[in-house]
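My notes follow the structure.

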Amino acid sequence: MTAQRDYLAGLAVRLREPRPSFDGVSRTGLTDADEAVRRAWQAVEQADVEARLAEDRGSQPVLFPGMSTTGRNVLVYAAATLLAWAVSCGLFTFSPEAGSGSVGLLAWSLCGLPAMAFFAGYFTIAIFGRPRMQTAGTAAHSVRLGGLICFVGMWVGWVLFLAATSLI
């Protein structure tokens, strides 16, 4: 029991949770000593199972815990790119210089917003893509993949937007 108490206390520290309390003893009203020992061992075994489950959940990231690292990173960078693309479309649509082909608008849409999308995705993965356990390490950011998704995605989205608006 002492070993299990130490294990649970250490697990709470690694999961950044409050230290469990082991002070209270529950009286069940059992008069049979064999039944009391059997129930105590069941409680110990159940605590071991729950501790292993908590450790497994703690080794997974908060953001999309069931996904692979690459899949999670692609999804986060793609979502950031889509958001930046929507901002770019809004800038183009509502800008008074949209018809004149403003250099500033193009620079923001093809360089500034993709860079902002990349850093938004990077920081999202850094904050929410790491496991809760302190010993599990840091999140894998897939920097090259993220840069490729953000910059190429914005350029392709911009070309598709211009093609769609020229047909209308």
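I take helices (H or I, at least four residues) and strands (E, at least two) as DSSP runs, numbered from the N terminus. I note that the model is predicted, so that local features need pLDDT of at least 70 and side-chain atom pairs count only at pLDDT 80 or more, whereas totals for chains, interfaces and linings use all residues. Residues are numbered from 1 along each chain as its sequence is written, and side-chain values use heavy atoms, with hydrogens and water left out.

Entry on helix H3. I found Leu-83 in helix H3, and at 58% relative accessibility Leu-83 counts as exposed (buried is under 20% relative accessible area, exposed over 50%, partly exposed in between, with a 1.4 Å probe and protein chains only). From Leu-83 to Ala-117 I read 7.7 Å, C-alpha to C-alpha, across 34 residues of sequence. Thr-93 also lies in helix H3, which covers residues 69–94, and Thr-93 is partly exposed at a relative accessible area of 48%. Thr-93 and Thr-165 are 72 residues apart in sequence, with their C-alpha atoms 9.6 Å apart in space.

Entry on H1 and H2. The axes of helix H1 (residues 2–14) and helix H2 (residues 33–58) come within 11 Å and cross at roughly 20°; axes are lines fitted to C-alpha atoms, for helices over the stretch in contact, and angles run from 0 to 180 degrees between N-to-C directions. H1 and H2 are therefore roughly parallel to each other (angles under 35 degrees count as such).

Terms used
Angles under 35 degrees count as roughly parallel, over 145 as roughly antiparallel, 65 to 115 as roughly perpendicular and the rest as oblique.
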